[in-house]
Amino acid sequence: MAEQNGSPREIERKYLILMPDKVKLSLIPGCEATEIVQTYLTEEGDGFGRRIRKRGNAARGYSFTLTKKKAVGFGERIELEEEISPERYHELLKEAAPEKQPVCKVRYCFTFRKQLFELDVYAFSETLATLEIELPHIDTPVQIPSFLHVLKDVTGDERYTNYALSQNLRFPE
């Protein structure tokens with residue numbers, strides 16, 4: 001996460017990919033799989049989208065975060081994130097946006113050629129997934145592992161944000 005003008009910035013590239021071979025993912029040294037449930041909250045009128053996230057698994061336990069995001073450019077957002085208690089998480093669930101559904105996914109985090117990737121496998125799709133990488137600059141070269149099949153770069157395409165996916169729990173056609 002970079003900082004610009006005092007605001008934390010998230011600069012990332014995002015790709016739509018074919019569902020990877022999960023055995024190959026599990027064989028990547030240091031690859032970690034984590035369950036994630038994201039729930040989008042009603043907006044507060046300040047231009048930021050809000051979400052809460054439950055992350056972890058039954059064996060290791062869960063962590064909870066409240067995140068506020070606002071797009072500020074191609075592949076770049078202001079991101080404000082804070083860890084919250086399980087009690088606060090359950091209280092904020094009452095503010096869930098009624099037109100949105102929780103997004104359930106498994107995130108695989110791994111390093112390839114010194115770059116950290118986050119690969120999301122969504123409960124609603126058996127054929128597609130997304131791959132993200134945070135970068136110091138939007139034009140930083142990305143080296144994608146050869147066992148992953150990229151269908152297209154969806155950086156900046158709002159239809160592929162988790163916020164948009166929470167509307168119908170499916171990828172755009």
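Author: Welcome! A word to begin with: the radius of gyration is taken here over C-alpha atoms, and the globule rule is 2.2 Å times the number of residues to the power 0.38. The model above is predicted.

Reader: Thanks! What radius of gyration does the chain have, and what would a compact globule have?

Author: The chain has 173 residues, and for that number the rule puts a compact globule near 16 Å. The chain agrees with the rule, because its own radius of gyration is 16 Å.

Reader: What percentage of the contacts with a separation of 6 or more is between residues 24 or more positions apart?

Author: A contact here means heavy atoms within 4.5 Å. Among contacts with a separation of 6 or more, residues 24 or more positions apart account for 61%.

Reader: Do strands S5 and S6 run parallel or antiparallel, and how many bridges join them?

Author: Strand S5 covers residues 61-73 and strand S6 covers residues 76-84. In this pair, Ala 71 stands opposite Arg 77 of S6. The two strands run antiparallel, and the bridges joining them number nine.

Reader: Which residue in the hairpin of S5 and S6 takes a positive phi?

Author: This hairpin has two residues between its strands. With a phi near 70°, the residue is Gly 75.

Reader: Is Glu 12 buried or exposed?

Author: Glu 12 lies in strand S2, residues 7-18. Leaving out residues up to four places away in sequence, Glu 12 touches several others, including Gly 75, Arg 77, Glu 132 and Thr 155. Buried means under 20% relative accessible area. Glu 12 has 7%, so Glu 12 is buried.

Reader: And Lys 114: is that residue buried or exposed?

Author: Lys 114 sits in the loop between strand S7 (103-112) and strand S8 (115-122). Its phi is positive, near 65°, in a residue other than glycine. Exposed means over 50% relative accessible area. Lys 114 reaches 83%, so Lys 114 counts as exposed.

Reader: What is the relative accessible area of Leu 169, and how is Leu 169 classed?

Author: Leu 169 belongs to the segment after helix H3 (162-168). Although not a glycine, Leu 169 has a positive phi of about 50°. Leu 169 has 24%, so the class is partly exposed.

Methods:
Residues numbered from 1 in each chain as written. Predicted model: local features only at pLDDT ≥ 70, side-chain atom pairs only at ≥ 80, totals over all residues. Heavy atoms only, no water. Pairing = 2+ DSSP bridges. Helix = DSSP H or I, 4+ residues; strand = E, 2+ residues; numbered from the N terminus. Buried < 20%, exposed > 50% of the residue type's maximum accessible area, 1.4 Å probe, protein only.
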